Each structure stands twice: as structure tokens, then as C-alpha cells.
Number of protein chains: 2
Amino acid sequence: MRGEFELIDRLCRGLGASRRTILGPGDDCAIVARSRWPSVITVDSMVEGRHFKIGWGAPEQIGARAMLVNLSDIAAMGARPSHCVVNLAVRRGLSTRFIERLYDGLKRTARDASMDLVGGNVTGADNLAITVTVVGELRGPALRRDQARVNDEIFVTGTFGDAALGWRILEGTLTVANHRSRSWLVSRCLQPSPRISAGQVLARLKPTPAAIDVSDGLAQDLGHILERSKLGAEVEVDSIPLSPAYRSIAGDDRALALTGGEDYELIFTIRPGFDEAALSKRLGVSVGRIGRIVARRGLRILREGKPARRAQARLRGWDQLRDH
Amino acid sequence: MRGEFELIDRLCRGLGASRRTILGPGDDCAIVARSRWPSVITVDSMVEGRHFKIGWGAPEQIGARAMLVNLSDIAAMGARPSHCVVNLAVRRGLSTRFIERLYDGLKRTARDASMDLVGGNVTGADNLAITVTVVGELRGPALRRDQARVNDEIFVTGTFGDAALGWRILEGTLTVANHRSRSWLVSRCLQPSPRISAGQVLARLKPTPAAIDVSDGLAQDLGHILERSKLGAEVEVDSIPLSPAYRSIAGDDRALALTGGEDYELIFTIRPGFDEAALSKRLGVSVGRIGRIVARRGLRILREGKPARRAQARLRGWDQLRDH
């Protein structure tokens, strides 16, 4: 690890570390004690202008979000975050103070997740980009995308479409007068809540559920489970959970709830018989049943058990848009 | 891991994997079997326009180089590469074929290093940037920067300044008529040779040497050892090993050998008594003794045991340049 040596040294100052970190930032590599468990690893990048804009929030929030979206991948495996490294691409025009505050957000979020930030690299580029690699421990079975079974029920955590509305508010294409709704939606976009402990609880259920976290939208990410499991699904569109803030803007229109990304909730499929309320209690987050896995490939959107042609057509149109 | 799902799926096709990879690309995280050893982890990024230009080599070479510079960090710890993940930021104007070929270079280099490429992410950006995180196993003591001792002798592997000359050739600011010299220097820039097995041999010596790999130049990277070890060094400038190609251009002028980056050789400090020839044989790469560690802080450049004022002044001037 290298590049802008003094800066990275300063950024990493005051980093706490657990006993598992043998050597933190400042050498060619960090050293981490061996673990009793298999590890999971994921990388994701947040690029200015594509995934966020600088004016959207405080630098700390931008840093925090880059870490949170990675933690969501750890959650979706049912794993525990253990340690991470950060690559920061910095463009001209950003002050050292800005970078330090952004890094404070990264460090704080790592600490809140009981994870050691063990190393980093800083480079120059034309965009600000924060690329985080998180390593986690898998203390039991993994929540995989390819493990859905026919007749599994499909559940989701939290509510959908909030982050997409929040995004539009931040972009200035949506005005929401109600202050409370506005700030809730914006915070859903800026500060996702990776379902880390819920994921770990899910991974202990038998048979192990399939799961994915929702970054690209409910329909698309459920599609990844279907593709990997070589199965299909029927989703009852009106059962997709909405927040009061979403409802106050879009009413019962679930188009954005179905296709809007960045919610970082979990979709999981589980054998029939689980009760929403009991599951919510167990996972520590509200969950809703939205449909079931079927043998026939593809995703079918239903309304009261019948094909919801309009929603399905929208989905198709949106799929085609995404392909370009 | 997400983003451009179909593309990343295609890029990862045909990936081999060892038994330690439980789940490769295609889920939220990859899963890797637990290891008996502590792990090392490093991240580094290669950004178009800063670290390379597209016209410099085949896409495969660009991909390979991004992997090789990370492997050099693993080598500098005395570790064995185990697995890696790649974040690819892609700009407009690059064909899918180009990206596939770049990825072929990444995959081939991982395979050659007996390392599993277990996951990746593709995002859009204004620069092409390849960010690689490599995890390795540490089967013995680590080669750290902070373990140099007074009176240790300073050795280097290989030759210095070649990559800096190769860079100038690629940039068009240096013309080298001799074809053999030209292609040797260019390949030293485009295809670094991380000293992985040499690093592992070094880590078994007792007492364990301090070491670093040279990305920013001999003087600067030796400086990191000195800083971390809170010591100084005397370097006999004329003992810095040069390649015949370097000599054919710069003669005995070692300015670039001292300050030019990207050589990805190792600098290590070791207790007195080791013989160059015997060490070269043991490490499987030529090594040269260039100086010794002293208690007085700072790096002093000597010529026949006396201060080499010109070289020292140059170094100072260059340090100031680097600071801006």
C-alpha cells in the first residue's frame, strides 16, 4: 500500500484496532490474526457523480455510506464484518480537511460495526471514488443467492423505494414539503442500514434461506436470486412494504418500490410457515412477505393473485432501459 | 459486489479456483476457507493517465500490471498470495472487448501467482481505474518496515532506474535506438517482477530482515524503513545495481536509480555477514549490498565513503519537488 504516504498516515491516525489486527496501516500490507472461520470478502466502489454528489451531505456521511453499502454485502451473506481496507481516489479541488472528514466517516462506521480498518491507499484521479474491501467471518452457513427452493416464501426487510425518492430529493427533481418525510427519505438514501445482525439470525435458520441485499432494486436483485437458483417467482405487488413517507408521495404506486435501488434491505426466501410478526421480532427489523418461489423461470408481478399487467409492462420497459 | 452484473459475470468466466475458494464470483461476497495462518491484506489502484496510459501496452498487460504491483506488496511482507478481488472503474469509449482482455491479464496473473480471483465489481467513472485487493498467507515471521537495526546491511534485489527510463520511453520523452535496451526498459516498466519467492526466503532468515518494495523510488522507500524503524542509513551511491540498458543510457549517473519509481524490487536490511553471491543464490535473484543502517536519522548518500554532495543535493531537491 502506498501513494501519498504522509496523507494516508494522517488519515489512519487514531484508528482503534481489535486484538485480531496484528499490524495496522503503515507497512506494505496489514496483518490480521488467523480466524477459526471461513472468510467472506467483497469490494464495492462509490464514484462521485454516479453514486453520490459532494453537495448531498457532509463528508463524513459520504465516507460512512461507502462503508455501509459494503457492510450490506456482508449482511447478505449472514457474515460478521471483521476488517477492511480503503482505496481513495482523490480529485483536485478537494481540501485535505474534506478528505480527513470523509475518512472520519469511514473510520467511525468501521468502528460501529466492530470492524478494523487496517489499511488504505490514496491516489489521484478525475473523480472522487471510495473503494472499500470488507472481509468478514462466516460462523455458520452462508446466505447464498443460489439456494432458493420451489415454494419458498419471499420476504423482505424494511421498506422499499425510500432511497430512490431520497435520491430524487437530493438531485432536486422531487420537492417534498413535509420536513419529516423529506429528511427520512434523504437519510434512507444517505445512510443505509445494513441488516448485519438480521443476516446472522437468518443464516442460523434451517434450511438456510437464500438472500441478497437490494442495491439495484427489488425486482432486479430478486432476479439475481432467481437466476442463480434457476427458478422463478410470483410477487404480490401490493405486499411490498412502503414507508409512510413513500406513501405520502406516491400513494399505492409501487413502481419505485419495485425498481428503485439503494435501499440496502435484504430479500430472503425461506420455507413456508414463518409468520411476519415472529420473524420481525427474531430479526430485529420489520419483515414483510411479498411472494413465493415457483419452478417456472422469470419474475411475475401479481395483484390479488392475478397478473398485474401494468406493473409487469413497466418492469419490462425498465429492464430494457437498464440494458442500455 | 454488484454493478454491471452481466459484464462482471462474463469477465469472471473461466476462472479457475483452488480448493480454498468455497464460493467464487456471483454472490454478495466470495467465501474462502479458513487458513491456518495469519493473513496479510493490501489494496492498490492503477489510474489511467496517472499510473499508465492505454496506448502503452496491450490491455492484457495493463491488467497484469495492476495485479503485479499488488503482488509486490505481498512479496515485501514475505507472504504468499492467496486470493484477490478487483474493482474496475470503466470510462466511456472503452469496448467490452478491451475490458475482457484487460481482465484476461488480471486472471492470468492471478493464476500464475497461484492466487484465486474470487470477486469483482465494475462501475463507471471518468478514468479507467483498476483497484486490486490481495489477501495473502503469512506462514512465518513478517518482513516489516519497522524492524531495521543499527549496523544492519542494506541490500536490494535486481537493478534500479529501469522502470523510470521505460516510463520515459513510453511517454515519448526518451528515445532509445538500441532495440534490445528499449524493450528491456519498457518491459521493466510494464511488467514488474514481484519478488514473491525471494520475500518468503528472506522471511525465514534470523533475525528477520526489515523490508519494503520499491514503488516510489529507492531513496523514498528506504526512507519509509528508516522512518518506521526510527534510524538512519548510509548508502554508497555507486553500489546501487544498474542494468546494462540503464548504463547504456545514463552511464554511471545514478540519479534515476536513486529516485525513479516503479521498479518493484525489494530493499531489505539484514545483520552483517551475508555474502552477495550466496544471498543471490538463496533468493533466486541477484542482490546487491548498497549501504548500512546507522543510528543517526536521515539518509546519507556516500561516494567511496565520503558524502556525495551532489547526489545528496539532488535528493533534497527531488524531495521538495515530491512534496508539492
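**Exercise 1.** Find which residue in S3(B) is the bridge partner of A:Val32, and state in which sense the two strands pair.

*Solution.* In this predicted model, local features need pLDDT of at least 70, side-chain atom pairs count only at pLDDT 80 or more, and totals for chains, interfaces and linings use all residues. Residues are numbered from 1 along each chain as its sequence is written, while chains are lettered from A and ligands numbered from 1 in the order in which they are written. Begin at A:Val32, whose bridge partner in S3(B) is B:Ser39. Then turn to the strands (DSSP runs of E, at least two residues; helices are runs of H or I, at least four, and both are numbered from the N terminus). Strand S2 (residues 30-32) of chain A and strand S3 (residues 39-47) of chain B pair in the antiparallel sense over 3 bridges, where pairing asks for at least two DSSP bridges between two strands.

**Exercise 2.** Determine how many residues each chain gives to the contact, and which element of chain A has the largest share.

*Solution.* Counting residues in contact (C-beta atoms, placed from the backbone, within 7 Å), one finds 57 residues from chain A and 57 residues from chain B. On the side of chain A that touches chain B, the largest share, 8 residues, comes from strand S3 (residues 39-47) of chain A.

**Exercise 3.** Decide whether A:Arg13 is buried or exposed.

*Solution.* First locate A:Arg13, which sits in the loop between helix H1 (5-11) and strand S1 (21-23) of chain A. Next apply the cut-offs, counting other C-beta atoms, placed from the backbone, within 10 Å of the residue's own: buried at 20 or more, exposed at 12 or fewer, partly exposed in between. Because A:Arg13 has 11 C-beta neighbours inside 10 Å, A:Arg13 counts as exposed.

Notes:
Contact = placed C-beta atoms within 7 Å.
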